[in-house]
Amino acid sequence: MASVSLTHLNKEFGNTLAVKNVSVDIADGEFLVFVGPSGCGKTTTLRMVAGLESLSDGEIRIGDRIVNHLPPGDRDVAMVFQNYALYSHMTVEKNLGFALKARGLDGEEIENACFALQKCWISRK
Amino acid sequence: MNSSISAISILRFLIILLIMFIFLAPFLWIFLASFRPNMELVRNQTLIPQNLTIENYVSLFTKSSYWQWVINSTIVSFYTVVLSLPMIVAGAYSVYRTQYRGRNVLSLFLLSVYIFPTALLVVPIFKIFSGLALVDSHLGCALMNTAFAVPFGIWLLQAFLKSLPPELEEAAAVDGIGRIRTLFQIIIPQAAPGIIAIAMFAFIVSWTEYLFAMTLLLSNDLHTLPIGLTGIVFGQYRVNWGFAAAGAVGSALPVFILFLIVGRWFIRGISAGAIK
């Protein structure tokens with residue numbers, strides 16, 4: 001985990017200001033929730049942190065790196081989407097393994113991770 | 001109450017039947033004509049055949065170069081599909097997803113290929129192709145068909161890609177999966193039903209193409225089905241309509257069979273996506 005800090009974050013879509021001057025410091029390990037009416041910029045802010053949206057102004061820092069221009073994959077972040085993005089042409093195991101493989105885990109480690117998850121799910125029932 | 005509902009549904013059924021008849025009548029006529037002796041077709045124009053014969057098909061399969069034409073058409077169509085699919089997939093993905101200067105203008109100009117009456121292109125294309133040794137070759141013909149299949153194919157596939165949720169790609173991006181891998185491992189498998197439909201489209205464009213096959217394929221043994229059939233209708237034989245009708249059925253049949261095979265797979269692809 002790492003600390004995340006947003007400084008004077010702005011996002012404009014054309015003439016609409018979607019995110020206006022947001023500054024937040026999130027400590028390492030802190031649990032933070034954004035609450036607000038729909039359209040107030042929660043998702044846009046998160047998407048900027050993940051790197052799916054460029055920022056119009058401001059700075060995003062993860063750990064001690066400024067990640068403003070880093071592509072999402074290089075930021076070492078995880079994101080769960082509002083509509084969960086599952087790959088319907090893959091099995092559950094492949095869905096789970098796809099991201100792990102991209103991070104350089106080998107087949108055995110992926111299998112262990114899937115096995116652990118399966119156990120979790122069974123014990124919850 | 002019940003009777004009025006059934007009266008409406010009977011009326012609806014009759015209207016559907018009428019519309020279907022209007023659309024299917026020419027096909028039905030061709031199909032029936034292919035089983036009728038030529039003399040009967042010339043003399044009396046009834047829809048219901050009086051005498052049935054398979055003589056037309058016997059001469060199509062044994063006396064004409066039907067099998068050669070089928071093979072040639074298959075080769076040209078296969079080349080067209082193989083050449084056009086990578087371009088369509090890459091082009092549609094580029095227009096749909098990537099950002100670069102002039103992208104919108106480019107996507108607008110895509111369909112401009114169809115502005116020109118194709119007959120205008122025959123002479124210049126012939127000249128260019130003869131310089132490139134592409135005249136009288138199946139590849140040259142397939143290149144021409146590719147040029148006509150690609151822009152519309154891109155346009156079709158782009159509409160299909162738009163129906164995929166963007167989260168699929170974004171999730172891959174967050175996981176650090178590159179553009180090319182996302183295209184091959186996420187987008188193409190997800191768009192498979194659309195890509196197969198477009199492959200069929202390219203195949204049929206090529207299968208039915210007449211003008212450029214006629215001008216570019218000079219040797220008899222390179223002729224495709226539409227050209228061969230023209231030879232039956234006009235050309236060296238006297239006009240034998242029963243024979244020509246059998247030829248028309250014979251040229252549609254391979255595509256029809258292909259549809260039956262691929263179509264089933266295609267529907268399975270769609271429903272598999274919907275359930276999960």
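At roughly what angle do the axes of helix α7 and helix α10 of chain B cross? I'll start there, after a word on the model.

This is a predicted model: local features need pLDDT of at least 70, side-chain atom pairs count only at pLDDT 80 or more, and totals for chains, interfaces and linings use all residues. Residues are numbered from 1 along each chain as its sequence is written, with chains lettered from A and ligands numbered from 1 in the order in which they are written.

Now the helix pair. In chain B, α7 covers residues 138–162 and α10 covers residues 192–208; their axes cross at roughly 150° and come within 9 Å. The axes are lines fitted to C-alpha atoms, for helices over the stretch in contact, and angles run from 0 to 180 degrees between N-to-C directions. That angle is why α7(B) and α10(B) are described as roughly antiparallel. The cut-offs are under 35 degrees for roughly parallel, over 145 for roughly antiparallel, 65 to 115 for roughly perpendicular, and oblique for the rest. The crossing of α7(B) past α10(B) is right-handed, which is to say the near helix is turned clockwise from the far one by less than a right angle.

On the α7(B) side, the contact residues include B:Ala142, B:Phe148, B:Gly153 and B:Phe160. Those from α10(B) include B:Gly194, B:Ile198, B:Ala202 and B:Val205. Contact here means C-beta atoms, placed from the backbone, within 7 Å. By class, this contact has 11 nonpolar, four polar and no charged residues. Ala, Val, Leu, Ile, Met, Phe, Trp, Tyr, Cys and Pro count as nonpolar, Asp, Glu, Lys and Arg as charged, and the others, Gly among them, as polar.

Next, α4 of chain B. The axes of α4(B) and α10(B) come within 8 Å and cross at roughly 140°, and they are therefore oblique to each other. This crossing is right-handed. Among the contact residues are B:Ser73, B:Thr80 and B:Ile88 of α4(B), and B:Ile195, B:Ala199 and B:Trp207 of α10(B). The residues divide into 11 nonpolar, five polar and no charged.

With α7(B), α4(B) packs at an angle of about 40°, the axes being 6 Å apart. The two helices are therefore oblique, and their crossing is right-handed. In this contact the classes are 19 nonpolar, nine polar and one charged.

Which residues have the most contacts inside the largest nonpolar core? They are B:Ile88, B:Cys141 and B:Ala202, in a core of 38 residues. A nonpolar core is a set of buried Ala, Val, Leu, Ile, Met, Phe, Trp, Tyr and Cys residues joined through C-beta atoms within 7 Å. Buried means 20 or more other C-beta atoms within 10 Å of the residue's own, exposed means 12 or fewer, and partly exposed lies in between, again with C-beta atoms placed from the backbone. Helices α4 (66–97), α6 (118–131), α7, α8 (167–174), α9 (179–190), α10 and α11 (211–216) of chain B each supply at least two residues of the core. The largest share, nine residues, comes from α7(B).

Not counting residues up to four places away in sequence, B:Cys141 touches B:Val76, B:Phe212, B:Ala213, B:Leu216 and B:Leu217. A second, separate core has 13 residues, including B:Leu41, B:Trp69, B:Phe243 and B:Ala245.

On to the interface. In all, 15 residues of chain B are in contact with 17 residues of chain A. On the chain B side, α8 and α9 are the elements giving two or more residues, and α8(B) has the largest share, six residues. That side has eight nonpolar, three polar and four charged residues.

In chain A, helix α1 (residues 42–50) has four buried residues listed: A:Thr45, A:Arg47, A:Met48 and A:Val49. They pack against β1 (4–13), β2 and β3 (57–62) of chain A. After α1(A) comes A:Gly51, with a positive phi near 95°.

Last, the backbone. Most residues other than glycine have a negative phi. A:Asn21, in strand β2 (residues 16–26) of chain A, has a positive phi of about 50°. A:Asn21 counts as exposed because it has 11 C-beta neighbours inside 10 Å. B:Asp136, in the loop between α6 and α7 of chain B, also has a positive phi, about 60°. With 14 other C-beta atoms within 10 Å, B:Asp136 is partly exposed.

Technical notes
Two residues are in contact if their C-beta atoms, placed from the backbone, lie within 7 Å.
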